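This report describes one protein model for a reader who has not seen it before. The sequence and structure come first, and the text follows.

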Amino acid sequence: MTDQTTGSPAAALLQQVRAGDVRALARAVSVVEEGGGAAKAVLHAAHAVPGDVPALRIGFTGPPGAGKSTLVDAYARLLREKSETVGIVAVDPTSPFHGGAILGDRIRMQASYSENGGDTGIYIRSVATRGTLGGLAGATADICTVIEASGKSRMLIETVGVGQDEVEVARLADVTVVVLVPGMGDDVQSIKAGVMEIADIFVINKSDREGAERVESEILAMQSYAAEHGAWVPPIVRTVATTGEGVAAMHAEIARFVEHRKVSGGGRALRAVQSVAGTMHLDHLGVAVKSIAEAKKFYETLGLTIAHEETVEHEQVKTAMLPLGETRVELLEPTAEDSVIGRYLAKRGEGLHHIAVHVPDVDAAMAAMQAAGMRLVNEQVKVGAGGHRYFFVHPSSTGGVLLEVVSSNSPRGQ
């Protein structure tokens, strides 16, 4: 695949990103945000270098007007004082005129930082929701991956501020901070079924206002609605982001939560396991055959017809997909004897080679499997027939069946 070679345009761009070229990072993020084949190539290049330590992802969510942007800005300042490098993804509402981000968050933050100069240890990107529900833009995970490839040690993700639906950040982030504000009244009760359940840490911002005590009391009264945290009870921190008051205390609670997760296991990977179970579905059955032309005769008697054929050169296999209800049968014919399918046929003969399940986020699924100690056949997500992204789980971890975990062309489904 050209996007996996060191001489590809995507790899060259990522090399510039890793070298600290801020403009190259901006271009790479724009490519990923647009999606398509170029985005897939950039993401492949971002995942291609072994040994990278993923940034700690901290998500900030909550209702509009809670001061999330100001709090994120204040926290970024604190992290820079501690010599941490910071990436910020601020999800803004979509403009009804040009379809892009309104850019309110980045305009406010740019008073202190600039992606084209100033402090190069911080990079800020605003993205538009473009109709995506859940408080995040569709490309947020990919954008985070690219920014992390630039060497940032902390990723701060600010959701758009839509209220109860902002729960997707819990899957994306290692730590979820729910920001509330005095004066909400019954609004605290109204969002308890969504945002309140995903909090690892509660922050009452603008706590110098009247009513902070009431908000804290309501949070304490609703702790029973929180998601399962094991021994962890989400703490409540009061802040005044405009002055920086309480930001250090919030940082200490974030550090304490991260340490708790190291001991108990979990974080982003644990949430990925929990979410995958409810959203995965059977994608296809992979059947190894000596000849697709011969094998398809049987399936044609069942009324099935081949919808797509493709030769995947780097896998040395020819594939044919036959739709079967809501799933598919994938016929796999080797193009070389010394290939994975060729060796399988020589050893076991024709038959079921693997079962494939579809997940919405293959990268998160891989992280979850690794964190759970599963034995993976490949340690990096690959690209296969039709452009889908995948990895395999060894039969020793699945009860004897080779399991393929796949998502569509990109986590955005493009």
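Helix α12 (residues 292-301) lies across β8 (281-288), β9, β10 and β11, and runs at about 155° to β11. The axes behind such angles are lines fitted to C-alpha atoms, for helices over the stretch in contact, and the angles run from 0 to 180 degrees between N-to-C directions. Helix α13 (residues 340-348) also packs on the sheet, where it touches β8, β10, β11 and β12 (351-358), and its direction makes about 135° with that of β12. Contact means heavy atoms within 4.5 Å. Helices (H or I, at least four residues) and strands (E, at least two) are DSSP runs, numbered from the N terminus.

The model is predicted: local features need pLDDT of at least 70, side-chain atom pairs count only at pLDDT 80 or more, and totals for chains, interfaces and linings use all residues. Residues are numbered from 1 along each chain as its sequence is written, and side-chain values use heavy atoms, with hydrogens and water left out.

**The sheet**

The open sheet has eight strands in the order β9-β10-β11-β8-β12-β15-β14-β13, with mixed pairing. Two strands pair if DSSP finds at least two bridges between them. The edge strands, β9 (308-312) and β13 (382-383), each pair on one side only.

Strand β10 (residues 317-324) and strand β11 (residues 327-334) run antiparallel and are joined by eight bridges. Two residues lie between the strands of this hairpin, and Gly325 takes a positive phi near 65° there. On the β8 side, β11 pairs in the parallel sense over five bridges. Some bridge partners in β11 are listed here.

| Residue | Partner in β11 |
|---|---|
| Val317 | Pro334 |
| Thr319 | Leu332 |

Buried means under 20% relative accessible area, exposed over 50%, and partly exposed in between (1.4 Å probe, protein chains only). Glu313 and Gly384 are 71 residues apart in sequence and 9.7 Å apart in space, C-alpha to C-alpha.

**Cores and helix α6**

The largest nonpolar core has 31 residues, and those with the most contacts inside it are Val42, Ile143, Val146 and Ile147. Here a nonpolar core is a set of buried Ala, Val, Leu, Ile, Met, Phe, Trp, Tyr and Cys residues joined through side-chain atoms within 4.5 Å. The elements that give two or more residues to this core are α1 (9-18), α2 (22-34), α3 (37-48), β2 (86-92), β3 (122-128), α6 and β4 (154-158). A second, separate core of 29 residues includes Ala66, Val86, Val203 and Ile254. In soluble globular proteins, nonpolar side chains tend to be buried together.

Leaving aside neighbours within four places in sequence, Val42 is in contact with Ala10, Leu13, Leu14, Ala28, Val31, Val32 and Val146.

Why is helix α6 (residues 140-149) largely enclosed by the rest of the structure? Ten of its ten residues are buried. Among them are Asp142, Cys144 and Glu148. Just after α6, Gly151 takes a positive phi of about 100°.

Thr176 is found in strand β5 (residues 175-180). With a relative accessible area of 0%, Thr176 is buried. Thr176 and Arg57 are 119 residues apart in sequence, while their C-alpha atoms are 8.7 Å apart in space.

**Aromatic pairs**

Rings of Phe, Tyr and Trp (its six-membered ring) pair if their centres lie within 6.5 Å; planes under 30 degrees apart count as stacked, over 60 as edge-to-face and the rest as tilted. By this rule there are four aromatic pairs. One of them is edge-to-face: Trp232 and Phe257, 5.1 Å centre to centre with 70° between the planes. This pair links distant parts of the chain, with Trp232 in the loop between α9 (212-221) and β7 (236-238) and Phe257 in helix α10 (residues 247-264), 25 residues apart. Trp232 and Phe257 are both buried.

**The protein as a whole**

The secondary structure comes to 14 helices and 15 strands. Of the 414 residues, 52% count as buried. Among contacts with a separation of 6 or more, residues 24 or more positions apart account for 68%. The protein exposes about 18,500 Å², of which carbon and sulfur atoms supply 53%; the areas come from the Shrake-Rupley method with a 1.4 Å probe.
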